[in-house]
Amino acid sequence: MRTDDINLVSFTSEHVDGALALSRQAKWPHRAEDWHMGQRLSRGIAAVDEAGSVVGTILMTPYGEDCATINMVIVDEAMRGRGLGRKLMDEAMALAGGRPLRLIATTDGLPLYRKLGFVAEGEIFQHQGHLGDLVPLGEVEAAAAGDFPAIKALDRAAFGADRGTLLDVLSAVAQVAVVRRNGRVESYGALRAFGRGDLIGPVVASSAADAKSLISALALRKSSSFLRVDTNEASGLTGWLAQIGLDHVGGGIAMRRQTGEAMVSQDARIFALANQAFG
Ligand SMILES: CC(C)(COP(=O)(O)OP(=O)(O)OC[C@H]1O[C@@H](n2cnc3c(N)ncnc32)[C@H](O)[C@@H]1OP(=O)(O)O)[C@@H](O)C(=O)NCCC(=O)NCCS
């Protein structure tokens with residue numbers, strides 16, 4: 001099949017079944033529900049062959065006009081190395097308009113992203129497994145509906161872009177917890193079903209101690225489940241995550257294209273990603 005015979009069309013919920021087959025082929029753990037969530041929050045492209053099969057995918061998840069993430073970049077194994085990945089990236093970058101771009105690269109994707117001007121800014125560590133011995137650390141409360149404006153403000157300061165739409169979706173599907181001091185939300189974390197089990201993230205916290213309190217409180221709610229946490233180099237959490245039973249199994253390279261984004265807060269930092277697609 002030549003890439004000229006491939007149609008690039010807007011990604012809709014009708015493409016989820018085909019997309020799921022591609023992510024399974026790439027050994028990614030996404031469920032149909034994870035693709036649907038990505039599709040609802042994003043605009044994207046499906047590459048469809050003459051028989052109507054999905055042979056490539058890409059999503060662009062905008063955070064207002066502040067920035068966008070490029071994610072779910074997959075080309076069918078049988079179609080790789082013929083320029084389809086590059087075409088999908090060109091389309092997604094056009095969809096993003098002038099927004100600065102972020103992504104988490106796999107080893108497969110790195111050469112393509114480098115050629116397109118993305119620059120590495122740090123490593124992402126994927127931890128997962130079944131919880132070992134863990135005791136609650138620190139005071140953590142379930143978030144109340146009235147906490148969401150503060151949670152969104154905290155997230156925006158740490159992420160450097162407005163992820164309000166993502167947080168609206170998470171408020172419906174995730175268990176959200178906060179650390180509150182003097183009546184003020186200082187740190188938050190979320191747990192939701194994802195992939196093979198449950199995922200903890202985002203975690204935005206004013207200290208590593210708060211991040212550990214949130215992760216342990218959320219993890220203990222699902223102590224029998226398969227848990228995943230994607231963290232960054234700066235968090236300093238990798239050793240502790242391995243100690244509590246969540247092994248380091250891989251990760252990726254965080255990359256950005258186009259600088260000039262808002263400065264991020266030094267008070268609250270990202271300790272766990274929403275996932276590798278959403279940053
Ligand atoms: C990453 C992926 C989407 C690339 O798709 P593809 O259709 O094979 O990509 P292309 O054929 O368009 O190649 C892209 C560019 O990277 C270059 N490239 C690819 N592999 C390379 C390598 N090992 N070293 C140097 N350059 C390489 C190609 O030459 C091409 O450059 P060009 O556009 O200047 O010619 C595909 O490998 C894939 O689906 N991998 C599994 C899922 C995955 O990891 N996705 C990335 C998620 S971040």
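Helices here are DSSP runs of H or I with at least four residues, strands are runs of E with at least two, and both are numbered from the N terminus. Residues are numbered from 1 along each chain as its sequence is written. This is a predicted model, where local features need pLDDT of at least 70, side-chain atom pairs count only at pLDDT 80 or more, and totals for chains, interfaces and linings use all residues.

Start with helix 3. Helix 3 has 12 residues. From first C-alpha to last it reaches 17 Å, close to the 16 Å expected at 1.5 Å a residue; that expectation is 1.5 Å times one less than the number of residues. After helix 3 comes Gly97, with a positive phi near 60 degrees.

Which residues of helix 3 are buried? Gly85, Leu88, Met89, Ala92 and Leu95. Buried means 20 or more other C-beta atoms within 10 Å of the residue's own, with C-beta atoms placed from the backbone. These residues lie on the same side of helix 3 because they cover an arc of only 120 degrees around the axis, taken from the directions from the helix axis to the C-beta atoms. Their cover includes strand 2 (43-48), strand 3 (54-63), strand 4 and helix 4. Contact here is C-beta atoms, placed from the backbone, within 7 Å.

Now the ligand. 18 residues surround the ligand, each with its backbone-placed C-beta atom within 6 Å. The closest are Arg80, Gly85, Arg86, Gly109 and Pro111. Strand 4 (67-75), helix 3 (84-95) and helix 4 (110-115) each give two or more residues to that shell.

Key. Buried ≥ 20, exposed ≤ 12 C-beta atoms within 10 Å, placed from the backbone. Contact = placed C-beta atoms within 7 Å.
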